[in-house]
Amino acid sequence: MDIGFPLTVDAIRNNIQRVHENIDKAARRVGRSIDEVKLVVVTKTHPVETVRMAIEAGAKYLGENYAEEGVEKKTLLSDQTGIEWHMIGHIQSRKARMIAEHYDFVHSLDSVKLANRLSNFSIEINRTIPVLLECNVSGEESKFGFPIWEENGWESVIPEIEKIISLPGILISGLMTMAPYFDDGELARPIFKKLKRFQAYLIRKFPKTDWHELSMGMSGDYEAAVQEGATIIRVGQAILGYRKYC
Ligand SMILES: *Cc1c(COP(=O)(O)O)cnc(C)c1O
C-alpha cells in the first residue's frame, strides 16, 4: 500500500476509489455486483481530523473498535449528516449501554450476555439495534466470536443463537468474521467459505431470521471476501494508511 503522507482528502478519495475498483473487479469475476457490497471505512486510532477528511472524501460507514473513542469522534462530528457508526471491535458488557445509545450497527456481538444487555438498553431507549453475530472461524485463541471452527460442532452453538434471536431489542441481520492475518489474502479464502457455509446452515435452522449480511474482508483480503460473498467489508489501512497501533 503506497499511501501518500500527509494524508489529504484527495489521497483518501483516491484510495477509496481504488478499493471500489477492486471490489468491482472481484465482484464481476463471480457474477456479483459492487452494489451488493458496503464499504465500512475503519477509522479506529485515527484522530477526528482524519475522520472528517474521510467523510469529505466520501466515506459513509465508519468502523470503530473502542466504544468511547467512537463516541468521542461522533460527538465532535455531529454536524455531519448521513453517516453510520459501526462498532466492529470486542464489546465489554459494561459498555453495552453506550453502544445501544450511540452506534447504528454492531458487527461484534459475541455472547448471550452481551446480547441481553444490548437488548435491554435498546428497549429502554425505544430502539432495536441491528447486529451481526461474530464468529471465530479459524480457532485462533486471540479471536472473539462464537466458536464455529469445527463444522461438526455447529449444533452446540444453536441454543445460544436461539436465545439471541428471541431478544426483542436486537435485530440479527447476519454474521461477521475476522480472518487470521496472512501476507497473501488468498489464504483467507477458506475462512470466508466456511462462514458462508455456516450462514447456509443457520438459514436452514432459523429460516425466519435474516442472515443476509456477511461482514468479512479487511485491507489484505477483501477481494477474496467479496468473491466468497461478503456484503460488508471493513477496510482501514488500504484507505487511511498504516496505524500506529490497533
Ligand atoms: C482494524 C480492523 C479492521 C480493518 O483492518 P485493516 O487491516 O486496517 O483494513 C477490520 N475489522 C476489524 C474487526 C478490525 O479490528
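A polar contact is a pair of N or O atoms within 3.5 Å; within protein, one atom must be able to donate a hydrogen and the other to accept it, and residues adjacent in sequence count only if both atoms are side-chain atoms. The model is predicted, so local features need pLDDT of at least 70 and side-chain atom pairs count only at pLDDT 80 or more, while totals for chains, interfaces and linings use all residues. Residues are numbered from 1 along each chain as its sequence is written, and side-chain values use heavy atoms, with hydrogens and water left out.

**The ligand**

| Residue | Protein atom | Distance |
|---|---|---|
| Ser219 | N or O atom in the side chain | 2.5 Å |
| Gly236 | polar backbone atom | 2.8 Å |
| Gln237 | polar backbone atom | 2.8 Å |

The protein buries 94% of the 390 Å² that the ligand exposes when taken alone (Shrake-Rupley method, 1.4 Å probe). Residues around the ligand (a heavy atom within 4 Å of it) include Val42, Lys44, Asn65, Ile88, Met178 and Arg243. This shell divides into 5 nonpolar, 4 polar and 3 charged residues; Asp, Glu, Lys and Arg count as charged, Ala, Val, Leu, Ile, Met, Phe, Trp, Tyr, Cys and Pro as nonpolar, and the others, Gly among them, as polar.

**Glu69**

Glu69 belongs to helix 3, residues 67-76 (a DSSP run of H or I, at least four residues, numbered from the N terminus). Glu69 counts as buried because its relative accessibility is 17%, and buried means under 20% (1.4 Å probe, protein chains only). Its side chain makes a polar contact of 2.8 Å with that of Lys73.

Conventions. Helices (H or I, at least four residues) and strands (E, at least two) are DSSP runs, numbered from the N terminus. Buried means under 20% relative accessible area, exposed over 50%, partly exposed in between (1.4 Å probe, protein chains only).
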